[in-house]
Amino acid sequence: MLTKEISEAIDNFILGVSRKQSGHSLRRALDAANIIKQIVNMSRWENINELLSIVQNAGEKIIKAQPKDLVMFNVICRMKYLIRFEAGDTKLNNDVPEKHILRTPMESGMSTPVMALGHSNSGSVGNLIQLVNSNLNKKPDDQFQAKMNLKNNIIQGLNDFIDELENTRQNIASHASDHIHSNEIIMTCGHSKTVEMYLKSAARKRRFMVIITESAPSYKGHDLAKSLSGPNIEAIVIPDAAVFAMMSRVNKVILGTHTIMANGGLISDAGTQMIATAAKYHSIPVVVCAGLYKLSPIFPFDQDRFNTLESPDGIFPYKDGNVKQY
């Protein structure tokens, strides 16, 4: 059972996600992970099935706020797996019912097999007899101690996962000097924080040029160029239409992404496919910088449903035009 504080935290997080005020993908992943950690630590549950049921309901509620954002889906599935894994050797562990398995959100333009990550197959007759005998011999103190040990183990596992998320960008950036060499010409698009940190890390030991597409209509490329400006990085912004003409001079393409699908496809900013196609034609290597939390087990089956439709006010402000009355 969820406490009032956890319910309010979930509602506030869902409100920020639905209004797109929750920040970048790593921030959303950390917020979702911390909410699941609060559920484990503060909610009322007696065994692993009750805990998984609470996490399942909270996870479905969070995912429905933004079904196309697979980062939260990936994080919640990973944390459910960690809960099952940490509970594998405890006395409170039971076989996980199918209703506690997180499925792909409907109408999200993607499909996946049943997400039975960490699904236990220990429900044999022999184990059932042992479970009954152990329950008959249990004392209340033993059950309380087993629950406390289980909670501590789960929280420790979740803390390790949260630390992994927090250090994702630093770990990726530490390998930059192995892939970027002096006087190379790099092409990228959009404004990925991971790519930005990756390039800045390489600039500590290398001097190179970065060609950035302006990524219309958001024009995030201008923000990345401003951030990368420094003594060892020569940042150049080009129009999106000039990608194919400039690609023959490029040594390497480095891209960020929102999600990496199970078939190797990417959900990324507009213009990424054009850059990848031009790089393939000119045989230019393409490097994608992404944390493990962006790896998704989902197969896309309808590419059009991944497109996010925005208001045209950002391109053609309503205040600049005359309202016609019919």
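Is Thr259 buried or exposed, and at what relative accessibility? At 2% relative accessibility, Thr259 counts as buried. Buried means under 20% relative accessible area, exposed means over 50%, and partly exposed lies in between (1.4 Å probe, protein chains only).

This is a predicted model: local features need pLDDT of at least 70, side-chain atom pairs count only at pLDDT 80 or more, and totals for chains, interfaces and linings use all residues. Residues are numbered from 1 along each chain as its sequence is written, and side-chain values use heavy atoms, with hydrogens and water left out.

**View 1. The whole protein chain.**
The secondary structure comes to 12 helices and nine strands. Helices (H or I, at least four residues) and strands (E, at least two) are DSSP runs, numbered from the N terminus. The protein chain has 326 residues, and 41% of them count as buried. A contact means heavy atoms within 4.5 Å. Take the contacts with a separation of 6 or more: 79% of them join residues 24 or more positions apart.

**View 2. The surroundings of Thr259.**
Thr259 lies in strand E6 (residues 259–260). Leave aside its neighbours within four places in sequence. Thr259 is then in contact with Leu70, Asn74, Gly265, Leu266, Ile267, Lys294 and Ser296.

**View 3. The largest nonpolar core.**
In soluble globular proteins, nonpolar side chains tend to be buried together. A nonpolar core is a set of buried Ala, Val, Leu, Ile, Met, Phe, Trp, Tyr and Cys residues joined through side-chain atoms within 4.5 Å. The largest one here has 47 residues, and Ile39 and Val75 touch the most other members. Five helices each supply at least two residues of this core: H1 (4–18), H2 (25–42), H3 (48–65), H4 (70–86) and H6 (140–166). H4 gives the largest share, 10 residues. Domain 1 (1–92 + 145–178) and domain 2 (180–301) both give residues to this core, so it lies between them. The domain bounds come from an automatic or database domain assignment.

**View 4. Ile39 and a second core.**
Which residues does Ile39 touch, not counting residues up to four places away in sequence? They are Leu2, Ile6, Ile10, Trp45, Ile54, Val55 and Ala58. A second, separate core has 18 residues, including Val195, Ala203, Phe208 and Ile233.

**View 5. Helix H2.**
H2 has 18 residues, and at 1.5 Å a residue these should span 26 Å. The expected span is 1.5 Å times one less than the number of residues. The end C-alpha atoms of H2 are 26 Å apart, which agrees. Buried residues in H2 include Ser25, Leu26, Arg28, Ala29, Ile35, Ile36, Ile39 and Val40. An α-helix has 3.6 residues a turn, so residues three or four places apart point the same way.

**View 6. Thr3, in the segment before H1.**
Thr3 is found in the segment before H1. Thr3 is buried, with a relative accessible area of 12%. Not counting residues up to four places away in sequence, Thr3 touches Met42 and Arg44. Thr3 and Gln38 are 35 residues apart along the chain, and their C-alpha atoms are separated by 9.9 Å.

Side chains of opposite charge can pair when their charged atoms come close. A salt bridge is a side-chain nitrogen of Lys or Arg within 4 Å of a carboxyl oxygen of Asp or Glu. The structure holds six salt bridges. One of them joins Asp11 and Lys61, with the closest N and O atoms 3.0 Å apart. Asp11 lies in helix H1 and Lys61 in helix H3, so the pair ties together parts that are 50 residues apart in sequence. Asp11 is partly exposed at 38%, and Lys61 is partly exposed at 44%. Arg78 forms a salt bridge with Glu164, the closest N and O atoms being 3.5 Å apart. Arg78 sits in helix H4 and Glu164 in helix H6, 86 residues apart.

**View 7. A buried salt bridge.**
The side chains of Glu184 and Lys252 meet in a salt bridge (3.1 Å, N to O). Glu184 is in the loop between helix H8 (176–179) and strand E2 (185–189), while Lys252 is in strand E5 (residues 252–256). Glu184 and Lys252 are both buried.
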